[in-house]
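Here is a short briefing on one protein model.

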Amino acid sequence: MAKLFVNQGKEYANARPSYPPQLFQFIASKTPSHNLVWDAATGSGQAAKSLATLYKNVIATDVSEKQLEFATKLPNVQYQLTPSTMSIPEVEQIVAPQGTIDLVTIAQGLHWFNLPNFYNQVKWVLKKPHGVIAAWCYLLPIINDEVDILFGQLYYTDSKPYWDSACKLVEENYRSIDFPFEVVDGVDHTGPFEFVTETLMSFDGLLTLIRSWSGYQTAKEKGVELLREDVVEKFKVAWGEDHGPKTAKFPIYLRIGKVGNV
């Protein structure tokens, strides 16, 4: 995963959406205490900065040093660079000791993980039985009919050969991802639960979002430019004559569960 995002750390930080307060309020309502969070695959810290308003301390980790360079610095957020795989002793050293974490979050990243290995780490660090894991994903923004059609064409057809197979899990809204955790209090399943985040996006921001895709970067490495001049021109026409910012809605899909006594 680190290699995929080395080249576009700035683009990722600038283009990716923040997440709605309702998402974090829902998650926080499922953890009995609010002392310590591990935000794994924090990227440039989009989730970490919101978690920092609800929890006393946040340990935010990522395997990409470039991503962490663009993370928002806050007094109660500790950013840590990690190796791509960690042993339990490394987790204890870099993240936290056994049974001390209230919540583990993974925003737009769970599909990249070695899940059996990661879930062992999660079960090690979470407080038992009520420690919570929350993972969410999003796919394409909804802007207007014309732009949305072009987005779909670019994602599902033009860039399809360049996406890692793991991205199929995002396309399925994490419905099919392995998630071996118990149902949290107040609900009857582990999700996905749907939320929506809105952001004001400029036309340049739209292009930056596309350039932040791992599929775009893979295509570029293979000598293929997905944002050719004719493609950009089609997006301009679809965007509209005013060329002003537009509201982009990102549906977000959350899986949430508690560790239990395992």
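Buried means under 20% relative accessible area, exposed means over 50%, and partly exposed lies in between (1.4 Å probe, protein chains only). By that cut-off, Trp 163 and Trp 213 are both buried. This is a predicted model: local features need pLDDT of at least 70, side-chain atom pairs count only at pLDDT 80 or more, and totals for chains, interfaces and linings use all residues. Residues are numbered from 1 along each chain as its sequence is written, and side-chain values use heavy atoms, with hydrogens and water left out.

**Overall build**

- The protein chain has 12 helices and 7 strands. Helices (H or I, at least four residues) and strands (E, at least two) are DSSP runs, numbered from the N terminus.
- The radius of gyration is 19 Å, close to the 18 Å from the globule rule for 262 residues, so the chain is as compact as a globular protein of that length. The radius is taken over C-alpha atoms, and the rule is 2.2 Å times the number of residues to the power 0.38.
- Along the principal axes, the C-alpha atoms fill a box of roughly 55 × 35 × 35 Å.
- Buried residues account for 55% of the 262 residues.
- Of the contacts between residues at least 6 apart in sequence, 75% join residues at least 24 apart. Contact means heavy atoms within 4.5 Å.

**Aromatic residues**

- The structure holds 19 aromatic pairs. Rings of Phe, Tyr and Trp (its six-membered ring) pair if their centres lie within 6.5 Å; planes under 30 degrees apart count as stacked, over 60 as edge-to-face and the rest as tilted.
- Phe 118 and Tyr 119 form a tilted pair, 6.2 Å centre to centre with 40 degrees between the planes. Both residues are buried.
- Trp 163 and Trp 213 also form a tilted pair, at 5.5 Å and 50 degrees. This pair links distant parts of the chain, 50 residues apart: Trp 163 is in the loop between α8 (145-158) and α9 (168-171), and Trp 213 is in the loop between α10 (203-211) and α11 (214-221).
- One aromatic cluster is formed by Trp 38, Phe 113, Phe 118, Tyr 119, Phe 179 and Phe 181.

**Helix α11**

- α11 is mostly covered, with 6 of its 8 residues buried. They are Ser 214, Gly 215, Tyr 216, Gln 217, Thr 218 and Ala 219.
- Gly 223 follows α11 and has a positive phi, near 85 degrees.

**Buried loop positions**

- Thr 82 sits in the loop between β3 (77-81) and α6 (88-94). Thr 82 counts as buried because its relative accessibility is 11%.
- Leaving out residues up to four places away in sequence, Thr 82 touches Thr 61, Asp 62, Val 63 and Ile 94.
- Gly 244 lies in the loop between α12 (229-239) and β7 (246-258). Its relative accessible area is 15%, so Gly 244 is buried.
- Gly 244 and Ser 202 are 42 residues apart in sequence and 6.5 Å apart in space, C-alpha to C-alpha.

**Backbone geometry**

- Lys 128 and Pro 129 are joined by a cis peptide bond, with omega about 5 degrees. Pro 129 is in the loop between α7 (115-125) and β5 (132-138).
- The bond from Gly 191 to Pro 192 is cis, with omega near 15 degrees. Pro 192 is in the loop between α9 and β6 (193-201).
- Asn 173 is not a glycine, yet has a positive phi of about 60 degrees. Asn 173 is buried, with a relative accessible area of 14%.
- Tyr 174 is not a glycine, yet has a positive phi of about 65 degrees. Tyr 174 counts as buried at 0% relative accessibility.
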